[in-house]
Amino acid sequence: GRAGPASVILWGPPGTGKTTLAHVVSRATGRRFVELSAVTAGVKDVRAVMDDARDLSQLNRRQTVLFLDEIHRFTKAQQDALLPGVENRWVVLVAATTENPSFSVVAPLLSRSLVLTLRPLDDDDIRTLVQRALDDVRGFGGTLAIEPDAAAHLVRIAGGDARRALTALEAAAGAALSAGEDRITLVMAEQAIDRAAVRYDRAGDQHYDVASALIKSMRGSDVDASLHYLARMLEAGEDPRFIARRIMIAASEDIGMADPSALQTAVAAAQAVAMIGMPEARIILAQAVVHLATAPKSNASYLAIDAAIADIRAGRSGPVPAPLRDAHYPGARSHGHGTGYRYAHDDPRGVVEQQYAPDAIADAEYYHPTERGAEREIAARLERLRAIIRRPPSSRDPR
């Protein structure tokens, strides 16, 4: 293909500037710019763009920049229709997605594109954006000011989403201008965006403190305090997806195998929240919070992985024992791979004596289940399993 810029996949949460970046790329390069949305476009639309791009490219070597929003909504067939244009460099594809491209974009397209990951904007970024919109001639051109607590409220409800911040600012500015005011106050901002700005405390936005208090209250099994902090976050306009992410982490970190269904509830809640949104998302989050707060607690899995990682970082590792190595590729057997491997299903107990770990950590025990909840049963089973898998060192065959 002809040399030139590669296609790009922009991956990031909503309102982080994916579409804006695409417009910047098109303007900077002086190329023809075409925009499609995977929500409304079909294979026919894609083919039409490709045909035009090919004709233009052959006539005057002018490339087309195709901006495709929400590429994860495209089926495999629709994505395949993009390939000829990308391969022949008729188009520079700039695709945007909120989903992980490794799972949502077809391999041939992925391998021909550069994936750029965009992070959620932080509070300072949003604050700057709001101020620029007020000052810039393309915005309100300095005709409006905003009070600090009103600005803090806009930042908080934006949740890292620039588009949400600007939409809220527009509504608040509209309210101020229609009232003949030249300052946006907190009351105006609240009324305009129909959200009560419940202050986390007198010092203003204690976003992370309240999130931390929710986690610690669930960990401490105080269901009422947990619900209080959940309510406080929701009323302050916190992004329900942020809350759902914290709940998923807590389900593994603080409950783990003491109640394995807690993680299932948390993941289901996160998926449901993403599909449903507010205000109904509050009901789903409440169920998850109640489950986690009232569940038996264990951090054994969390401690186990950190202990295993600490050993690896300290250099306690080594080759995989020969019986466990992959014996499927040609010539593997001649290296001794797979020789002597004992198949667990051949034993009526479904478990056999065998060394699975490298020599350096053959006797390591990372996982120490508690006596709480489902882990009590796991503890008893684990004792039996370890006794079969590893005989006491004195009774092992000499190596």
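Modeller: A residue counts as buried under 20% relative accessible area, as exposed over 50%, and as partly exposed in between, with a 1.4 Å probe and protein chains only. The model here is predicted, so local features need pLDDT of at least 70, side-chain atom pairs count only at pLDDT 80 or more, and totals for chains, interfaces and linings use all residues. Residues are numbered from 1 along each chain as its sequence is written, and side-chain values use heavy atoms, with hydrogens and water left out.

Colleague: Is V223 buried, partly exposed or exposed?

Modeller: V223 has a relative accessible area of 21%, so this residue is partly exposed. V223 lies in helix α12, residues 223-235; helices are DSSP runs of H or I with at least four residues, numbered from the N terminus.

Colleague: Which residues does V223 contact, leaving aside neighbours within four places in sequence?

Modeller: Contact means heavy atoms within 4.5 Å. V223 touches V290, A293 and T294. From C-alpha to C-alpha, V223 and T294 are 6.5 Å apart, although 71 residues separate them in sequence.

Colleague: How is a pair of packed helices described?

Modeller: One gives the angle between the two axes and the distance between them. Axes are lines fitted to C-alpha atoms over the stretch in contact, with angles from 0 to 180 degrees between N-to-C directions. Helix α13 (residues 240-255) and helix α14 (residues 261-276) have axes that come within 9 Å and cross at roughly 170°. That makes α13 roughly antiparallel to α14, a term for angles over 145 degrees.

Colleague: Which residues of α14 make this contact?

Modeller: They are A262, L263, A266, V267, A270 and V273.

Terms used:
Helices (H or I, at least four residues) and strands (E, at least two) are DSSP runs, numbered from the N terminus. Angles under 35 degrees count as roughly parallel, over 145 as roughly antiparallel, 65 to 115 as roughly perpendicular and the rest as oblique.
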